[in-house]
Amino acid sequence: MHTTSIKELKLIANTLRQNIIKMLYKAKSGHTAGPLGMADIFTALYFHHLNVYPKKPKHPDRDLLVLSNGHICPVLYAAMAKKGFFPKKELLTFRQTGSRLQGHPHRESLPGLETSSGPLGSGLSQAAGMALALKKDGKKNKVVCVTSDGEHQEGNTWEAVMFAEKYALDNLTVIVDRNRIQIDGFTEEIMPLKSLREKYASFGWGTIEINGNNMKDILTALHISMKPRKHALVIIAHTTPGKGVSFMENKYEWHGKPPSEEEAVRALEELEEQRRHLE
Ligand SMILES: Cc1ncc(C[n+]2csc(CCOP(=O)(O)OP(=O)(O)O)c2C)c(N)n1
Ligand SMILES: [Mg+2]
């Protein structure tokens with residue numbers, strides 16, 4: 001737990017969003033909407049909640065962050081660079097041949113990544129296995145798994161949900177990016193998920209539902225996740241895909257599209273304007 005103020009956290013989230021736009025523009029490929037929508041949550045995780053050691057990424061006391069929806073990795077890389085895991089200038093190598101910052105995270109390329117991801121639907125199983133192993137070893141490290149709503153259309157996710165109940169994984173917190181979009185449409189039109197909170201609750205999990213772009217809500221939920229409990233906990237985070245860039249918000253067309261030069265300039269102007277209001 002760190003003592004960064006809400007204002008400072010909002011400024012960091014704005015920096016992450018600006019860097020996401022710059023990375024995607026430079027790469028000329030990649031995913032825009034998801035990373036922008038999750039910038040507030042990644043800020044809270046890396047600058048408030050998780051115990052991580054950028055200069056000693058394998059530190060035995062570190063908390064484990066499992067990014068299941070690997071395609072939103074621009075926000076993970078932007079947060080890791082800001083935290084000091086690697087030089088900020090490396091962000092502009094995103095998606096290039098030989099870069100440590102692959103379009104989907106490759107654990108063995110970049111210190112600080114706990115898993116490789118990209119094939120959707122498997123991260124929660126990996127996180128649940130890690131949480132069980134830590135419990136068996138009597139360790140206190142937290143496991144946080146970030147997953148998307150689209151991944152809840154896959155069976156493997158629900159197998160992990162059952163597993164976490166059976167083994168009472170009280171050291172596991174799952175954050176669902178409930179942004180209501182997937183690759184080519186709205187979740188509720190393609191395969192309705194309805195209330196994920198009710199579904200998780202019926203599997204015996206603790207549940208919290210928040211506005212995932214409200215920093216106070218996020219911090220409160222993470223605070224609750226630290227209290228002693230007897231079960232795994234899910235935070236259903238309602239986020240706005242494309243958050244911070246007016247012409248990208250709530251448009252599934254921005255799921256996997258980078259900005260053109262003109263769009264990148266407009267996006268950065270809007271984000272800079274928001275920054276002025278924060279300062
Ligand atoms: C197993 C698997 N199937 C399909 C894909 C292709 N794919 C990449 S992102 C995506 C959309 C998934 O929805 P969600 O994660 O909610 O997307 P977002 O909210 O970021 O737009 C799909 C189908 C994949 N990466 N893995
Ligand atoms: Mg989604």
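Two strands are taken as paired if DSSP finds at least two bridges between them. On that basis, strand 2 and strand 3 (residues 172–178) are joined by six bridges and run parallel. Helices (H or I, at least four residues) and strands (E, at least two) are DSSP runs, numbered from the N terminus. The model is a predicted one, in which local features need pLDDT of at least 70 and side-chain atom pairs count only at pLDDT 80 or more, while totals for chains, interfaces and linings use all residues. Residues are numbered from 1 along each chain as its sequence is written, and chains are lettered from A and ligands numbered from 1 in the order in which they are written.

Back to the strands. Asp177 in strand 3 is the bridge partner of Ser148. Getting from strand 2 to strand 3, the chain passes through helix 6 (residues 155–166), and this β-α-β crossover is right-handed (with the strands pointing away from the viewer, the path from the first strand over the helix to the second runs clockwise). Strand 2 also pairs with strand 1 (residues 64–67), again in the parallel sense, over four bridges. Here Leu67 sits opposite Val146 of strand 2.

Strand 2 itself (residues 143–148) is mostly covered, with six of its six residues buried. A residue counts as buried if 20 or more other C-beta atoms lie within 10 Å of its own, as exposed if 12 or fewer do, and as partly exposed in between, with C-beta atoms placed from the backbone. In a regular strand the side chains alternate between the two faces of the sheet. Both faces of strand 2 are covered: Val143, Cys145 and Thr147 are buried on one side, and Val144, Val146 and Ser148 on the other.

Ser148 turns up again at ligand 1. The ligand is surrounded by 19 residues, the closest being Gly34, Leu120, Ser148, Gly150 and Gln182; a residue is near the ligand if its C-beta atom, placed from the backbone, lies within 6 Å of it. Helix 2 (33–37) and strand 4 (181–182) each give at least two residues to this shell. Sorted by class, the shell holds seven nonpolar, ten polar and two charged residues (Ala, Val, Leu, Ile, Met, Phe, Trp, Tyr, Cys and Pro count as nonpolar, Asp, Glu, Lys and Arg as charged, and the others, Gly among them, as polar).

As for the whole chain, there are ten helices and seven strands. The radius of gyration is 18 Å, close to the 19 Å that the globule rule gives for 279 residues, so the chain is as compact as a globular protein of that length; the radius is taken over C-alpha atoms, and the rule is 2.2 Å times the number of residues to the power 0.38. Of the 279 residues, 46% count as buried.

A few single residues are worth a look. Trp205 lies in the loop between helix 8 (196–202) and strand 6 (206–211), and counts as buried because it has 20 C-beta neighbours inside 10 Å. Leaving out residues up to four places away in sequence, Trp205 touches Glu165, Tyr200, His231, Ala232, Leu233 and Val234 (contact means C-beta atoms, placed from the backbone, within 7 Å). Lys28, in the loop between helix 1 (6–27) and helix 2, has a positive phi near 60 degrees although not a glycine. Lys28 is exposed, with 11 other C-beta atoms within 10 Å.

Conventions
Contact = placed C-beta atoms within 7 Å.
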